[in-house]
Amino acid sequence: SLFEALAAKMDRSLRNNEDVLMNYWLFKASQKSVYEDFCPYHYILRPGSAATSKLNEHKLRDPMKVTRSIFDDADEMLRPTALARLARQLIGGASMDAEEQPQLVKPYRRECRRELRQRLFSILRCSAAGSKLKLMALFTALCPWGYGLVHTIYAKARGLDKIYDIK
């Protein structure tokens, strides 16, 4: 019955992060759930997979569509957590490097910057957003290129810019 109700709610245009949205709807509709601290599956990184493929419209916009869907649906109790997640998405989008695919990234980046500035006061007051996230949101809203530079340097120093490279 959970999956029957799910069919009407799912956005069939999603190609990335559809599992996150599906899980949200399933958990919301369920009477109870059981948490088990074990991962029964593994991601395989291969050329052309979602994790390693070149940036495209779905890879860029689907995670934000999913996050907004959850935020828009969230009840009063979940809304702060959903806003914190939305803030992270907006920070990532607002500070994206447009060098590789400017025609795709620049409009998205502009939208994220605008929305981040519009939501900044709510993010700064959000109970689920920690001080680090609030600082990141403020820095990105005021100086997105500066935040992007700091984030790029941090990723290179920590090796995070190579986690999806296939040798």
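**Exercise 1.** Which residue forms a salt bridge with E115, and how far apart are the closest N and O atoms?

*Solution.* Start with the basis: this is a predicted model, in which local features need pLDDT of at least 70, side-chain atom pairs count only at pLDDT 80 or more, and totals for chains, interfaces and linings use all residues. Residues are numbered from 1 along each chain as its sequence is written, and side-chain values use heavy atoms, with hydrogens and water left out.

Step 1. Apply the rule: a salt bridge is a side-chain nitrogen of Lys or Arg within 4 Å of a carboxyl oxygen of Asp or Glu. The partner of E115 is R68, with the closest N and O atoms 2.2 Å apart.

Step 2. Helices here are DSSP runs (H or I, at least four residues), numbered from the N terminus.

Step 3. Check the accessibility, where buried means under 20% relative accessible area, exposed over 50%, and partly exposed in between (1.4 Å probe, protein chains only). E115 has a relative accessible area of 9% and is therefore buried. R68, with 27%, is partly exposed.

**Exercise 2.** Which residues does the network of salt bridges with shared partners join?

*Solution.* Step 1. Salt bridges that share partners join E57, R61 and E111 into one network.

Step 1. E111 is in helix 5 and R61 in helix 3, 50 residues apart.

Step 2. E111 is partly exposed at 30%, and R61 is partly exposed at 21%.

**Exercise 3.** Where is D11, the salt-bridge partner of K65?

*Solution.* Step 1. The side chains of K65 and D11 form a salt bridge of 3.7 Å, N to O.

Step 1. D11 sits in the loop between helix 1 (2–9) and helix 2 (18–29), while K65 is in helix 3, and 54 residues separate them.

Step 2. The relative accessibility of K65 is 34%, so K65 counts as partly exposed. D11 is partly exposed too, at 30%.

Step 3. For the count, the rule gives six salt bridges.

**Exercise 4.** Is T67 buried or exposed, and which residues does T67 contact beyond its neighbours within four places in sequence?

*Solution.* Step 1. T67 belongs to helix 3 (residues 57–73).

Step 1. T67 is buried because its relative accessible area is 9%.

Step 2. With contact meaning heavy atoms within 4.5 Å, and neighbours within four places in sequence left aside, T67 touches R85, L86 and Q89.

Terms used. Helices (H or I, at least four residues) and strands (E, at least two) are DSSP runs, numbered from the N terminus.
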